[in-house]
Amino acid sequence: MFAHNGVIILFTLLIALMASIMPMPLSADAFRPDWVLIVLMYWCMALPGRVNIITAWVMGFLLDVLLGSVLGVHAAAMAMSIYIIVENHQKIRNFSIWQQALITGVLAALYHLVVFWLQRFLIDVVFLPNYLYPVITTIVLWPWVFYLLRKVRRNFSIK
Amino acid sequence: MNPIFKHGPSPQHRLVLVLFCSALLIFFDHKMASFESVRGYLQSLVSPLQYLANTPKQFMTWASTNLTTRGQLMTENQQYRLNELDFHEEAMQLVILKQENARLRSLLSSPLRSEIKKMVAEVISVDSDPYSLQIVINRGAGDGVYEGQPVLDSVGIVGQILHVGQTSSRVILITDISHAVPVRVQRNGLRLLASGSGQIDRLIHNFVPQSADIKTGDLLVTSGLGGKYPEGYPVAKVSFVSNNESREFVRVFSTPAAQIDRLRYLLLLSEKEPQNIFAPKTHGKNSSTSDKVQAKVAN
């Protein structure tokens with residue numbers, strides 16, 4: 001783990017977890033981007049040998065514990081979204097940054113819908129359009145996170 | 001290391017494996033509720049993350065409390081003095097009323113009200129999950145918090161403890177979709193059930209008959225019937241009553257009394273041993289309490 005700076009990957013993921021539970025005003029809270037998903041997506045695309053579906057599932061499980069939802073809900077959604085990236089990482093790497101951002105948006109929407117469907121199956125929640133607001137912020141955030149994490153990866157020569 | 005030949009199981013196998021794990025977890029957590037004790041440990045495990053995530057907010061509040069003008073402090077002080085005067089006067093009345101109430105209750109041979117202990121807690125994180133309304137507070141099993149403990153703020157009921165960790169615990173709010181509080185209308189004692197709606201500012205009252213006497217603006221207080229919440233604390237104010245008589249039941253909505261979207265300091269209530277006169281050792285207990293009352297009066 002120390003050999004190829006895997007600790008840095010873990011560190012970025014922990015920061016993403018913290019960002020996704022950080023207290024925010026109620027109006028901004030609806031627009032909170034999916035930090036964990038976006039960071040996992042970058043690492044899965046860049047280093048599919050290091051970060052894979054199991055990592056995604058564990059992060060989703062931690063998110064479940066942190067958010068107090070039924071254990072396994074976020075974990076399943078996260079694993080499913082990341083699976084798509086892992087399967088197509090060769091293709092997605094070659095897309096332009098805005099195409100990647102759009103794919104991020106689609107995956108974030110999938111993630112939120114899977115979480116919603118599972119919750120709907122377990123407790124009687126009703127669908128509100130503002131459950132999908134984070135998709136917008138996630139799309140906008142992608143280029144910045146992409147460049148930042150690429151810089152981190154090259155700087156620490158994480159392989 | 002860029003493997004040309006892949007190592008380990010294929011992504012499909014991994015996905016099937018983790019989805020199977022998720023299904024098992026969901027089944028055992030939701031349907032069998034067999035993770036209740038494990039949840040406590042998990043909560044303790046992640047509480048450092050929650051404390052860390054809370055530091056920026058704490059820094060901001062620290063800054064805003066430390067950077068005030070002298071004028072502001074003086075006006076606040078003035079206000080607090082006035083408040084204190086008011087409260088003191090009410091507290092004097094309260095002692096006498098409590099004694100009188102206890103005496104009357106013992107005359108009527110109805111169970112005595114139990115004393116209520118209070119503990120102050122601070123909110124350390126609010127969940128961003130839109131499907132559940134929960135908060136995390138900075139008190140845990142080490143401070144004597146237990147599951148199902150009622151939580152209040154300065155104006156009304158906020159919720160109850162859901163999972164207890166060692167240094168932090170999770171509170172489910174009254175507006176959560178899976179939560180309900182037994183209440184009564186303060187004006188006339190009509191009993192209702194206040195169910196959460198999933199929206200932070202609305203409670204729903206189901207199965208209210210058309211003949212019920214309920215109006216917009218009525219204060220709803222806890223009825224103490226569920227055994228979780230002590231009696232008489234404000235819960236909500238009725239905000240909407242439909243007058244459509246073709247329906248079987250009246251639609252009633254209310255707004256929580258507590259400001260649930262801007263919580264900071266909370267009170268945790270815990271009942272001391274209830275002094276029930278129907279309990280076997282009534283004589284000893286009763287005499288001792290009356291002795292205490294006497295002593296207080298003497299003081």
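Predicted model: local features only at pLDDT ≥ 70, side-chain atom pairs only at ≥ 80, totals over all residues.
**Entry 1. Terms and ground rules**

Residues are numbered from 1 along each chain as its sequence is written, and chains are lettered from A and ligands numbered from 1 in the order in which they are written.

I read helices (H or I, at least four residues) and strands (E, at least two) as DSSP runs, numbered from the N terminus. I call a residue buried if 20 or more other C-beta atoms lie within 10 Å of its own, exposed if 12 or fewer, and partly exposed in between; the C-beta atoms are placed from the backbone.

**Entry 2. Chain A**

I looked up the secondary structure of chain A. It has eight helices and zero strands. From the N terminus on, I read the elements as α-α-α-α-α-α-α-α.

Next came the radius of gyration, which is taken over C-alpha atoms; the globule rule is 2.2 Å times the number of residues to the power 0.38. For chain A the radius is 15 Å, close to the 15 Å that the rule gives for 159 residues, so chain A is as compact as a globular protein of that length. Its C-alpha trace spans about 45 × 30 × 30 Å along the principal axes.

I find that 47% of the 159 residues in chain A are buried. I also checked contacts in chain A with a separation of 6 or more: residues 24 or more positions apart account for 69% of them.

Is A:Ser157 buried or exposed? A:Ser157 counts as exposed, because it has 9 C-beta neighbours inside 10 Å.

Chain B has four helices and 12 strands. Of its 299 residues, 27% count as buried. Among contacts in chain B between residues at least 6 apart in sequence, 57% join residues at least 24 apart.

I then followed the strands. Two strands pair if DSSP finds at least two bridges between them. In which order do the six strands of chain B close into a barrel? The order is S1-S2-S5-S4-S3-S12, and the pairing is antiparallel. For angles I use axes, lines fitted to C-alpha atoms (for helices over the stretch in contact), and angles run from 0 to 180 degrees between N-to-C directions. The twist averages 45 degrees from one strand to the next.

I checked some of the pairs:

- S1(B) and S2(B) pair in the antiparallel sense over three bridges, and B:Val126 stands opposite B:Ile135 in S2(B).
- S2(B) and S5(B), residues 169-173, pair in the antiparallel sense over four bridges, and B:Ile135 stands opposite B:Val171 in S5(B).
- S4(B), residues 157-164, is joined to S5(B) by five bridges, and the two run antiparallel; B:Gly159 stands opposite B:Leu173.

In S2(B), residues 134-137, B:Gln134 and B:Val136 point one way and B:Ile135 and B:Ile137 the other way; all are buried. H2(B) lies across S1, S2, S4 and S5 of chain B, at about 65 degrees to S1(B).

I also noted B:Phe207 in strand S8 of chain B, residues 203-209. B:Phe207 is not a glycine, yet its phi is positive, about 60 degrees. B:Phe207 has 11 C-beta neighbours inside 10 Å, so it counts as exposed.

**Entry 3. Cores**

A nonpolar core is a set of buried Ala, Val, Leu, Ile, Met, Phe, Trp, Tyr and Cys residues joined through C-beta atoms within 7 Å. The largest core has 58 residues; A:Val39, A:Leu40, A:Met78, A:Ala79 and A:Ile82 have the most contacts inside it. Elements giving two or more residues to this core include H3 (35-46) and H5 (73-87) of chain A, together with H1 of chain B. Not counting residues up to four places away in sequence, A:Ile82 touches A:Leu40, A:Cys44, A:Ile53 and A:Ala56. Another core, of 38 residues, lies apart; among them are B:Leu192 and B:Tyr229.

**Entry 4. Where the chains meet**

The contact takes 37 residues from chain A and 36 residues from chain B. On the chain B side, H1 (11-31), H2 (36-66) and S1 (116-126) each supply at least two residues. H1(B) gives the largest share, 10 residues.

Conventions
Contact = placed C-beta atoms within 7 Å.
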